[in-house]
Amino acid sequence: MCVPPQVAFAAASAGLKYIEYTNEVANYEAQVVTNANNRRSAVRARDIQISQARLRNEQEQGKIADEKFNNVLAAAKNSATLKTAAGEDNIVGRSIDQALGMSVAEGLRNDTKLSIQSKMIDQQAGMDAMEIQARLEGRLAQIVDPNPPSPAEAVLGIATAGATGYNSTEAATSGDYFS
């Protein structure tokens, strides 16, 4: 039994439209997976940047702590030297007290400077973390999922393609088939 050409063209057109729809669905799903991978990658990059910033902050804080410790040692040594010198020379009085006071004051000034510097480093680390987070949010905002293909649109497209395919050939009569 032969199929009229209108039906064959209608079926072929509808089939092509269905294949087109399944390709759109596959492309949509692939894009969604790619976007999810890009989002995870962006978050991992942010986490790595924050870890690096923390490490840098810890190293700078360690350096400041070492400087504070070295200043305390230097102040203690200076104080001991002054006391030893005063004792050896049998010097007493205000000049030694002033020299010791100046040594303590210098140590406190250095300690205060380093404490302020430490706080500034912490504040900078906080601002760096906010900048990294803002960059992540900007990057995530640029990753937009596409709209999924509409099944209703696909059904209408298949029906339209079928009708167009059916109407694209002239109707045949039974005589066309048996002559």
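1. Setting aside residues up to four places away in sequence, Arg46 touches Ile132, Gln133 and Leu136, where contact means heavy atoms within 4.5 Å. Arg46 is found in helix α1, helices (H or I, at least four residues) and strands (E, at least two) being DSSP runs numbered from the N terminus. With a relative accessible area of 17%, Arg46 is buried; the classes used here are buried for under 20% relative accessible area, exposed for over 50%, and partly exposed in between, with a 1.4 Å probe and protein chains only.

2. This is a predicted model, in which local features need pLDDT of at least 70 and side-chain atom pairs count only at pLDDT 80 or more, while totals for chains, interfaces and linings use all residues. Residues are numbered from 1 along each chain as its sequence is written, and side-chain values use heavy atoms, with hydrogens and water left out.

3. How far can the model be trusted along the chain? The mean pLDDT of the chain is 79, and 76% of its residues reach 70 or more, pLDDT being the predictor's confidence in each residue, from 0 to 100. Confidence is highest in helix α1 (residues 5-88), at a mean of 83, and lowest in helix α4 (residues 174-178), at 51.

4. As for the overall architecture, the chain has four helices and zero strands, and reading along the sequence gives the pattern α-α-α-α. Of the contacts in the chain with a separation of 6 or more, 94% are accounted for by residues 24 or more positions apart. Of the 179 residues, 17% count as buried, and the chain exposes about 13,000 Å², of which carbon and sulfur atoms supply 59%; accessible areas come from the Shrake-Rupley method with a 1.4 Å probe, and for residues only the protein chains shown count as cover.

5. Which residues does Asn57 contact, leaving aside its neighbours within four places in sequence? They are Ile121, Asp122 and Ala125. Asn57 is found in helix α1, and Asn57 counts as buried because its relative accessibility is 16%.

6. Two further pairs can be described by their C-alpha separations. Ala129 and Asp47 are 82 residues apart in sequence, yet their C-alpha atoms are 9.8 Å apart in space; Ala129 lies in helix α2 (residues 94-142) and is partly exposed, with a relative accessible area of 29%. Val25 and Ser150 are 125 residues apart along the chain, and their C-alpha atoms are separated by 9.0 Å. Val25 has its place in helix α1 and counts as partly exposed, at 22% relative accessibility.

7. A salt bridge is taken here as a side-chain nitrogen of Lys or Arg within 4 Å of a carboxyl oxygen of Asp or Glu, and by this rule the count comes to four salt bridges. One of them joins Arg46, the residue of the opening point, to Asp47, with the closest N and O atoms 2.8 Å apart.

8. Arg39 lies in helix α1 and Asp145 in the loop between α2 and α3 (151-167), so the pair ties together parts that are 106 residues apart in sequence. Arg39 is partly exposed, with a relative accessible area of 26%, and Asp145 is likewise partly exposed, with a relative accessible area of 33%.

9. Lys17 forms a salt bridge with Glu20, the closest N and O atoms being 3.2 Å apart. Because Lys17 and Glu20 are three residues apart in helix α1, they are separated by about one helical turn. Lys17 is partly exposed, with a relative accessible area of 29%, and Glu20 counts as partly exposed at 39% relative accessibility.

10. Finally, Leu16, Tyr18 and Ile19 form a nonpolar patch on the surface, with about 330 Å² of accessible area together. Patches are made of residues with over 30% relative accessible area and no salt bridge, like charges being joined within 9 Å and nonpolar side chains (Val, Leu, Ile, Met, Phe, Trp, Tyr) within 5 Å. Tyr18 lies in helix α1 and is partly exposed, with a relative accessible area of 47%.
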